[in-house]
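Open your viewer, colour by chain and keep the selection panel at hand. We will go stop by stop.

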Amino acid sequence: MTIPVQPTQGSAQLPRPARWFLLAPLAVWLVAFVVAPALILLVYSFSERDELGRVVFTFTLENYARAFDPVYLSVFGRSLGYAAATTAICAVLAYPVAWCMAQARPPWRDRLLLLVMIPFWTSFLIRTYAWITILKSEGLLNGLLLYTHTIAAPLELLYTPGAVVLGLVYAYLPFMILPIYGSAEKLDPALIEAAHDLGCGPWQSFARVVLPLTRPGLAAGVMMVFVPAIGMFAISDLMGGARVPLIGNVIQDQFVGQARDKPFGAALAVIFMLIFVTVYWLWQRRAEARVA
Amino acid sequence: MKSLRLLCALLLVAVSAARAAEALNLFAWSEYVPQKVIDGFTKETGIKVSYATYATGEEMLAKLLAGGAAYDLIQPPDYIAEAMIRNKLLRPLDRAKLPNLRHLAPEFLALPHDPASAYTVPWMLGTVGIVVNTERVKDPIRGYRDLFQPKFKNRIVVVNDNREIVSWALVTLGLNQNAITRENLAKARPLIAEWIKLVKVFDSDSPTTPLLNGDVDLGVVWSGEAAKLINENKKFAYVLPAEGYHPYVDLMAIPTTAKNVAAAHRFLDYVLRPEVSKLISDEFPYTNPNLAARKLLTPAQLANPASYPPMGKLDTFRDIGKAAADIDKLMTDLKTAAAK
Amino acid sequence: MSATVELRGVAKRFGAVVAVDDVSLTVQAGEFLTLLGPSGCGKTTLLRMIAGFETPDRGAVLISGADVTHTPSHRRDVNQVFQSYALFPHLSVRGNIAFGLRMQRLAAGEVEQRVAEMLAVVALEGCEERKPHELSGGQRQRVALARALAPRPAVLLLDEPLSALDARLRQTMQLELKRLQRRVGTTFVLVTHDQAEALAMSDRVALVHRGRIEQVGTAAEIYDRPATAFAAEFIGQANVLEAEFIGRGAGGVDLRVNGVGELRVAAAAWLGDAPRARIVIRPERIRLEATQPAKGMRNAFPARVEEKIFQGAQDRLTLVTPGGLRLVATAANAGTGEGSLRVGDSVWCAVYPEDVVILRQPASGEAGRRAQEIPGGPGSAEPGYETGGRASAQGAS
């Protein structure tokens, strides 16, 4: 959004009040809920804590030094791994679903879209507890498998890394389906026919035409899954038994948990944000380079 | 879980701030103050009670310090109360307004966190002990060394509380649980590293759930949770670790920022009444320090080993200040290493 | 000449709708054949069967002599120019044209050479690196052509390739397409609803109507000797009249046409024993005279000018006979002086026996009804069709 800001003094063209008026709610929202909290975090990250966990405003780089301690770097690496696995699985699962939805006839499309949205009608925590009921040792899944004599003893499903990834995939799958569906729906079917016509089998037409043309949706889905997945803490607590600390757990612990070290938590959060901003910036630059 | 509670608390804070003068802002643990008690107080005094909750003492402290809402009455754990008293965040109590104080057993007063009992009144006591599913575990479990054995790998739940876990290792090594020095942490480190590899679930909010669900057979949990579990199923047994254990005292106190100090005193005295205190024990079977209330309990309630274990010397947690960061780093490191 | 495409009794249904109903058609190698018909007539389905996007319910599709009825489109030696062009938006002009070549696994050098060749053929040298959205409509059209021709298919299919262009560009492209086809020698099968386009470009036209092929022939054949009322009306304008058999005479048969009188028609054989038939007279074959021709001359009748529409080189006239029959005729634009007809003028009409075409279809029954429905039928919105239909409906009623 570029609106020319001109000095009122000596200028014939005043900024148009109507435009500013329309922009005001967005600007206020951004300042209040994005810019201000980010600045507070930034200030905190250079501060110290006192014995009660209060923030004492000094200037220290100690929090950043601590953030680069191998302990926290490995937590960070692990979180990246979990988020990457979640994103990859979501993409693989969501793509065919979104594609089938886009190919369905309009009344079915709406119904399928509704089915994707339905999970949002109940609380995320309730849905996570439902998974615990299914996966626990004396749970539904083990019960079914024992009953059908597929297994002899209950499987260890809950409180495993697999359960965490399952919970993450479950929570974020719709955020992958919807953007892919958005770009798949817009894809002209004639383009796929053209690919077949020019000699592409089903797999090649997917790789050479469908995938490149739905890449914006896929990229949006990757963003919408990866970013929240890397910061998630509730699922690793509930479904992973809190055995494996993820970066979200560590940050949460600094703010409301026992560690009581907001400046350190802020430093971790700031590093986190910087990484995202950098990755996004690089990506945008590449996208622009491709267009140009 | 925690985020939900946080949201609820924030909402309640927002609502309560808008209330009229004759109201009491109570800031307490989630699931610790029975609704019956609150309703009874309001009925008798006409004072409305807003009950905001938190999941950890640290969370309570953080929110109190952040300001915004003036809480009249809080429920700090002992070691947090200690730090609050030192930092003049608690108001001295007017003992003349608390005639029911006489019902409390003297051994629960004048503890190290508040040597003169000038600022705090004990609410409930608990211990952290071992729960055993006796149907699945036939070995005798007397303490931490019996519990943390390789054969019980992936069959153990412990509270997700780093300070607790560190203290178990310290007492097992014969060290002072409150001596959180880098040297002591280094000594405890190998032991904790071994233990963590055996644990399947870390959960402070509801540590008995995996025990009930059959996902684990052993646990180190809060005594009140253990007492409820034993009430539900007698196959569970509660064991106080032979290596040593510590009680924790949850207190009631009035912050210096309180607006309605009179109502806070009234509420304090109200919950110290034996018949009211009994209601709390009925719902939350921790150790009740109120001797008159204990007389109203059933023999079964008093016989629950998790509620009323034999208590020796009361060696509670003390405030450790910035050493919390060292514990955090140690535990994060060990958990990460154990997951590899 | 050998057959490049052969359809043998193909049929296709979509639910209750019969899209293609028992069609057989042969396209010769190097031929430019147009499937012409109103929208919804089944011509696009026929094209898609050849391309391999639809499988016929019955019948067979042969390309270069091989049965490809169940061969998927990517294994058919056929390429298509899509109506929307369907250029790959993420690829450059070069990428689009090279697409089919890469699928053939040609060597990079070969691909490069063929792309350059195709760019020269469609006169787009220098646009290699542009993306489709940076091209004009005409340029996109030519990229689509180049992309489809680059793999050197046995048959090039074109689905309404000019419909997205403006009128002037369309005419230029018609000529260009025809020249291109001659140059590359590839068999072209084009689908269009525009009769002018069909007449301008095709070697032969297959007229498609209601899932069937109504008539196949050169443009002149269909125009001069339409087989059905639909053929007569869809291509050019026509007076379709009901006629009654009277008897045989020298060099033809004598018919009675209501509102006109007796007409002698040069026909080798009357249709069997049928007492009635339908005949077609093209408007420009009605010769107009100011005065009555020599007495006793056959095929002459009076009429009055009811309407006159200026069309540049000629005027289009609606005539009414004393018997109340309306006919469409044309008169050369003679200026405003003597000889120019005005509305209300009386005129004499004459028709040569050889200018009257007897339709193969019987006059009554199914076919007759069909002809009547046409003006309001599904194709009535299409240009070049409505005008033909109007004259006939009036003539037939």
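How many residues does the contact take from chain B and from chain A? Select both sides: 37 residues come from chain B and 31 residues from chain A, where two residues are in contact if their C-beta atoms, placed from the backbone, lie within 7 Å. Before going on, note that this is a predicted model, in which local features need pLDDT of at least 70 and side-chain atom pairs count only at pLDDT 80 or more, while totals for chains, interfaces and linings use all residues. Residues are numbered from 1 along each chain as its sequence is written, and chains are lettered from A and ligands numbered from 1 in the order in which they are written.

On the side of chain B that touches chain A, highlight α1 (2-17), α3 (57-66), α6 (162-172), β6 (199-202) and α14 (323-339) of chain B, the elements that give two or more residues. Helices (H or I, at least four residues) and strands (E, at least two) are DSSP runs, numbered from the N terminus. The largest share of this side, nine residues, belongs to α14(B).

Show side chains for Val71(A), Ser74(A), Val75(A) and Arg78(A), which meet Lys329(B), Thr332(B), Asp333(B) and Thr336(B).

Where they touch, twelve residues of domain 1 of chain B are in contact with ten of domain 2 of chain B. On the domain 1 side, α4 (78-86) and β4 (120-133) of chain B each supply at least two residues, and α4(B) gives the largest share, four residues.

Finish with chain C, where you will find ten helices and 20 strands. Of its 397 residues, 43% are buried (20 or more other C-beta atoms within 10 Å of the residue's own, C-beta atoms being placed from the backbone).

How values were computed. A residue is buried if 20 or more other C-beta atoms lie within 10 Å of its own, exposed if 12 or fewer, and partly exposed in between; C-beta atoms are placed from the backbone.
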